[in-house]
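Let's take a friendly walk through a sheet and the helices around it. Please have the structure open as you read.

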Amino acid sequence: MTDTTDTQAPATPLGTNPVAPAPAGARTAADVVTPEVVAQLTRGVVGSGRTANHTPFTGQRLAELPESTPEDVAEAFARARAAQGVWAATPVRARAAVLLRFHDLVLERQAEVLDLIQLETGKARLHAHEEVLAVAVVARHYGRRAAAYLGPKRHTGVVPALTKVTELRQPRGVVGHISPWNYPLELSVGDALPAFVSGNAVVMKPDTETALTALWARDLLIEAGLPAEVFQVVIGDGPVVGPEIVRHADYVSFTGSTRTGREVAQGAAARLVGVTLELGGKNAMLVLRDADVEKAAAGAVRACFSSAGQLCIAIERLYVHESIADEFVDRFAARTKAMRLGNSLAYGADMGSLVGERQLETVTRHVEEAVAKGAKLIAGGVARPDIGPLFYEPTILEGVQEPMAVCAEETFGPVVSIYRFTDEDEAVERVNATAYGLNASVWTRDGRRGHAIAARLRTGTVNINDGYAPAYGSVQAPMGGMKDSGIGRRHGSEGILKYTEAQTVAHQRLIPLAPSFGMDDEKYAAFMSRSLKVMKALRLR
Ligand code: NAD
């Protein structure tokens with residue numbers, strides 16, 4: 001967290017969090033989203049209607065955008081399908097080179113996309129920068145490793161030496177990609193990179209409110225060498241355009257809420273196409289009695305309030321050992337109350353805005369209901385309209401219990417509840433007692449203990465002595481959710497092979513797998529049975 005002692009801005013009567021001062025000459029929405037920029041970026045959209053998006057910082061309209069009808073979605077798939085064959089026939093190393101060039105371009109031109117991400121999501125620049133890092137890491141990984149993941153693999157045949165077996169990886173065809181607003185660079189184009197490098201075309205539906213960020217990244221990918229027709233974008237209302245994507249796609253990659261994910265899964269199941277679902281969470285952090293309390297308090301600020309808590313892997317439940325709980329709560333609360341809120345297109349704010357009315361309504365409802373039913377506010381708990389219409393202070397609650405909504409439902413905002421525990425086994429049970437299973441965090445000075453606890457948690461990722469970034473950023477390893485948090489994984493081998501169909505090619509040589517050379521059926525059966533025993537004795541796999 002940033003040291004706040006040099007901040008001049010006073011606390012306002014509305015709350016205690018200071019306001020990050022805007023630097024002199026800071027860019028505004030009008031400087032960044034000019035008519036020329038909008039015209040350039042929206043060329044890539046197949047859409048005959050009109051819609052618009054808005055910036056959470058002020059609530060004002062940011063850009064007028066094309067809107068896609070169901071016919072436009074069909075047209076986008078037709079265009080993508082027509083282009084996919086040539087792209088799939090391009091050698092994998094050439095496709096991978098596009099990702100490596102994209103890596104460099106994103107890092108070089110990051111200032112452009114940081115402005116767009118901030119304007120479209122309202123997040124602090126440091127949190128927007130996490131997206132740049134994540135996308136670059138994914139581009140590097142699949143740029144370097146795609147050929148190894150996708151290349152032909154030899155397997156032992158049923159009759160070794162006589163049966164030559166090769167596993168090939170064929171692209172699915174056209175992937176339908178539906179993404180949310182909270183990480184508009186990373187979860188749109190970032191997640192589509194392994195689909196492209198494995199030879200697929202993609203029809204993408206970003207969230208309308210954050211479409212410019214995805215379109216910016218599309219332009220950059222084309223500059224890096226991706227054929228434009230291979231990457232189609234459609235924009236429009238989720239319940240209208242989303243099901244159309246599922247109706248046409250050869251594979252569906254969805255990131256969003258568990259509720260929508262279930263609908264997407266049903267649509268995909270009816271068509272027998274594969275699907276990845278990256279869904280919600282109610283993630284927990286466990287602070288064990290031997291934890292470094294100061295580090296845990298600083299880590300909790302990042303884990304709970306990055307992107308104003310609108311992060312699927314953010315921590316919303318915090319279990320702290322009773323013996324250190326008072327000290328932890330004091331330190332965590334002090335850091336939280338010192339966080340600077342800000343809305344300028346510059347570094348310096350520790351937290352930005354919520355993205356929309358719906359988020360503000362949920363956050364307010366969860367906090368007010370909990371307080372009305374007896375929970376205690378340790379920090380925050382108020383909106384900050386003095387900064388922007390959707391700002392809300394980072395909020396810590398204690399004394400939360402069932403049936404308060406904040407106890408079990410995903411808030412997806414800057415709200416965390418602290419629970420004290422004395423028995424570690426019981427704490428593990430409470431962490432697991434949720435329908436979700438996305439991410440967890442364990443704090444301890446004893447690495448072995450941390451690993452032992454991690455193995456007992458039912459979550460797709462566990463971070464020891466950090467909140468979420470190490471597991472998410474380590475892209476050689478899979479990332480995704482158990483239980484209601486999803487199906488499938490991004491990153492690593494699973495994150496790319498899902499965009500392919502496995503094809504086994506077996507080449508039978510010299511003798512067939514059938515009675516031959518005058519052998520009758522009975523002799524053949526006995527010979528093969530003996531052969532299997534020999535193969536096991538030879539320790540063949
Ligand atoms: P959402 O489900 O409302 O929307 C996600 C996307 O789906 C949007 O593009 C939306 O337009 C589209 N959509 C809406 N209705 C649809 C339908 N019927 N068919 C197909 N598509 C439809 O989710 P949201 O509010 O935009 O995002 C927040 C949620 O996403 C949170 O629950 C969060 O935890 C989750 N999320 C998960 C991950 C992850 O990796 N597990 C990452 C980010 C966000």
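This is a predicted model: local features need pLDDT of at least 70, side-chain atom pairs count only at pLDDT 80 or more; totals for chains, interfaces and linings use all residues.

In it, six strands form an open sheet in the order β7-β6-β5-β8-β9-β19, and their pairing is mixed. At the edges stand β7 (231–233) and β19 (486–487); each has a single partner strand, so one side of each is left without a neighbour in the sheet.

Further in, strand β5 (residues 174–178) and strand β8 (residues 251–255) run parallel and are joined by four bridges. Look here for valine 175, which stands opposite tyrosine 251 in β8.

| Helix | Strands touched | Angle between directions |
|---|---|---|
| α3 (residues 70–89) | β5, β6 (201–205) and β7 | about 155° with β6 |
| α10 (residues 258–271) | β8 and β9 (274–278) | about 175° with β9 |

Helix α10 also meets another helix. How do α9 and α10 lie relative to each other? The axes of α9 (residues 238–248) and α10 come within 9 Å and cross at roughly 25°. Angles under 35 degrees count as roughly parallel, and that is why α9 is described as roughly parallel to α10. The crossing of α9 past α10 is right-handed.

Which residues make this contact? From α9 come Val246, Arg247 and His248, while α10 supplies Val264, Gly267, Ala268 and Arg271. Sorted by class, the contact of α9 with α10 holds three nonpolar, two polar and two charged residues.

How values were computed
Residues are numbered from 1 along each chain as its sequence is written. Side-chain values use heavy atoms; hydrogens and water are left out. Two strands pair if DSSP finds at least two bridges between them. Helices (H or I, at least four residues) and strands (E, at least two) are DSSP runs, numbered from the N terminus. Contact means heavy atoms within 4.5 Å. Axes are lines fitted to C-alpha atoms, for helices over the stretch in contact, and angles run from 0 to 180 degrees between N-to-C directions. Angles under 35 degrees count as roughly parallel, over 145 as roughly antiparallel, 65 to 115 as roughly perpendicular and the rest as oblique. A crossing is left-handed if the near helix is turned anticlockwise from the far one by less than a right angle, and right-handed if clockwise. Ala, Val, Leu, Ile, Met, Phe, Trp, Tyr, Cys and Pro count as nonpolar, Asp, Glu, Lys and Arg as charged, and the others, Gly among them, as polar.
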